[in-house]
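Here is a short note to read alongside the model, written as numbered points. Please keep the sequence and the 3D view open as you go through them.

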Amino acid sequence: MDLAPGIVSIGDRTRGYVRAFLVADGKDLTLVDTLGDTHPHAILAEIRHMGRSLSDLKRIWLTHAHFSHLCGVAELRQLTGAKVCSHEWEADIVSGDRKAQRVSIVPKRPLRAYYPFQIGLALGLGDHPPCPVDGVLTHEHEEGGLRVLHTPGHTPGHLAFWAEKHKVLLSGDAITTWPEFAAGWDSFTLNERQRRESLRLMAALHPAAVGVGHGDPITERAAERVDSLL
Ligand SMILES: [Zn+2]
Ligand SMILES: [Zn+2]
């Protein structure tokens, strides 16, 4: 699905409706997250569908190091030669040198009412194929038509990305629409104060559309809906 010209969301119902995004900027492609399959079939198919070649993929930027968002990263890096980047805090999880931080509490309602098994898979603190990280991303770095936003809360090194030209926000798990519209998943937030600050930062952008980490993108009244989470 297109969020704007050259910004495409990829993903199906698996791993908690997890989503990845391809962003075209001139000839370059940037991929945000890599979905929950070890072999990135869906992403390769979308690159071809866009009429691009695999070598056009220059960078793979990760919102955070949860399993369902980075399973395909090692294979994609191998296949495309794209440079893999994340926030410094997440990098050694991506590379397999550290486990993702576990949350200590059991999911609260209403999440518990939704497919608990799927939630577990979606949060995905399982093992991904480890992948070398080629560089770290810092707040406000700009490249490939995207600006990096450090948006901690869900994880300490969580990133969102902002496409100023199209006013599209790629929020990762800082905002989700599955199983319900929320500022991330309450029960899986590691730091509540940081989460609120990150939300304010994203709301201040007044996005025209938001591509979220889980669920369908927000394409109508996006700024208003993000404001409603504050
Ligand atoms: Zn997550
Ligand atoms: Zn997630």
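1. Of the 230 residues in the protein chain, 52% are buried, where buried means under 20% relative accessible area, exposed over 50%, and partly exposed in between, with a 1.4 Å probe and protein chains only. This is a predicted model, in which local features need pLDDT of at least 70 and side-chain atom pairs count only at pLDDT 80 or more, while totals for chains, interfaces and linings use all residues. Residues are numbered from 1 along each chain as its sequence is written, chains are lettered from A and ligands numbered from 1 in the order in which they are written, and side-chain values use heavy atoms, with hydrogens and water left out.

2. The protein chain contains eight helices and twelve strands; these are DSSP runs, numbered from the N terminus, with helices (H or I) of at least four residues and strands (E) of at least two.

3. Donors are N, O and S atoms within 2.8 Å of the metal (3.2 Å for Na, K and Ca), and because water is not among the atoms, sites may look incomplete.

4. Since His69 lies in helix α3 (residues 67–70) and His214 in the loop between β12 (209–212) and α8 (222–227), the pair ties together parts that are 145 residues apart in sequence. His69 is buried, at 0% relative accessibility, and His214 is buried with a relative accessible area of 0%.

5. Asp173 coordinates both the zinc ion (ligand 2) and the zinc ion (ligand 1), which are 3.2 Å apart.
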